[in-house]
Amino acid sequence: MNGLFVTLEGGEGAGKSTQSRLLADRLARNNRSLLHTREPGGAAGAERLRALLLAGDHGLSLRAEILVHFAARFDHVERTIVPALAEGRLVVCDRFFDSTLAYQGYGLGMGEAEPLGFIRDLIALTPLTPDLTLLLDLPRELARQRLARRGRDPDRYERLDEAFHLRVAEGFRQIARAAPERIVTVDAAGDVEQVHRALLDRVEERLLP
């Protein structure tokens with residue numbers, strides 16, 4: 001595969017959706033053949049699983065929830081990402097497997113060895129790894145302020161308590177420390193244009209000629 005695979009990660013309110021869209025739009029204007037996608041979702045079956053995961057109390061055990069995330073991921077990878085990369089396209093994805101490790105492993109799983117090990121085993125079975133991951137890091141208080149301004153109903157993960165979100169944030173930091181060759185942490189506290197410029201700079205310096 002000749003394409004490049006870039007993912008954006010971070011906690012709630014960090015600006016991933018906005019920044020991934022801006023990044024994709026800018027790179028496309030620079031004559032890059034590009035696909036912008038998201039997780040959970042990005043393929044027909046995966047989008048149906050997204051609705052199950054985000055909408056309400058699905059009643060699944062933690063292991064079952066992890067497996068649903070990976071079922072959606074494999075559908076997304078096989079039907080959407082791999083074909084795009086095979087065509088030589090640059091793929092920009094809002095979340096990938098680091099989110100499952102942070103949210104289900106560190107957040108819901110409390111950072112315990114068993115759920116982390118289970119998720120890492122599934123990551124090892126995933127047929128590709130991002131070429132570059134941009135982690136948007138934002139203090140929780142700023143994230144809460146941004147979420148309050150959205151004016152829409154929070155999803156299932158956004159409704160979880162502060163302790164959960166703090167564990168997720170710390171989980172992302174540990175994940176980044178463990179993979180410095182792939183993950184670049186970007187301060188997301190600036191305005192939209194400042195953060196966009198920082199992300200674009202990282203992509204250009206790490207991946208593009």
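This is a predicted model: local features need pLDDT of at least 70, side-chain atom pairs count only at pLDDT 80 or more; totals for chains, interfaces and linings use all residues.

Me: Why is the contact between Arg95 and Glu9 called a salt bridge?
Reply: The closest N and O atoms of Arg95 and Glu9 are 4.0 Å apart. The rule asks for a side-chain nitrogen of Lys or Arg within 4 Å of a carboxyl oxygen of Asp or Glu. Therefore the pair counts as a salt bridge.

Me: Where in the chain do the two partners lie?
Reply: Arg95 is in the loop between strand S3 (90-94) and helix H4 (97-108). Glu9 is in strand S1 (residues 4-10). They are 86 residues apart, so the pair links distant parts of the chain.

Me: Why is Glu9 called buried?
Reply: Glu9 has a relative accessible area of 1%. Buried means under 20%. Therefore Glu9 is buried.

Me: What makes Arg95 buried?
Reply: Its value is 11%. The cut-off is under 20%, so Arg95 is buried.

Me: What else stands out about Arg95?
Reply: Phi of Arg95 is near 80 degrees, a positive value in a residue other than glycine. Most residues other than glycine have a negative phi. Met110 also has a positive phi, near 60 degrees. Met110 sits in the loop between H4 and helix H5 (113-125).

Me: How do you know that Glu39 and Arg73 form a salt bridge?
Reply: From N to O, the distance is 2.7 Å. The limit is within 4 Å, so Glu39 and Arg73 qualify. Glu39 lies in the loop between strand S2 (34-38) and helix H2 (44-55), and Arg73 in helix H3 (residues 62-86). They are 34 residues apart. Both Glu39 and Arg73 are buried.

Me: What is the peptide bond from Glu39 to Pro40 like, cis or trans?
Reply: The bond is cis, with omega near -15 degrees. Most peptide bonds are trans. Pro40 is in the loop between S2 and H2.

Me: Why is Arg197 called partly exposed?
Reply: Arg197 has a relative accessible area of 33%. Buried is under 20% and exposed is over 50%, with partly exposed in between. Therefore Arg197 is partly exposed. Glu204, at 31%, is partly exposed by that rule too. Their side chains meet in a salt bridge, 3.6 Å from N to O.

Me: How many salt bridges does the rule give?
Reply: The count comes to 17.

Me: Which residues are linked in a network of salt bridges?
Reply: Asp137, Glu170, Arg173 and Arg177 are linked in this way.

Note on methods:
Residues are numbered from 1 along each chain as its sequence is written. Side-chain values use heavy atoms; hydrogens and water are left out. Helices (H or I, at least four residues) and strands (E, at least two) are DSSP runs, numbered from the N terminus. Buried means under 20% relative accessible area, exposed over 50%, partly exposed in between (1.4 Å probe, protein chains only).
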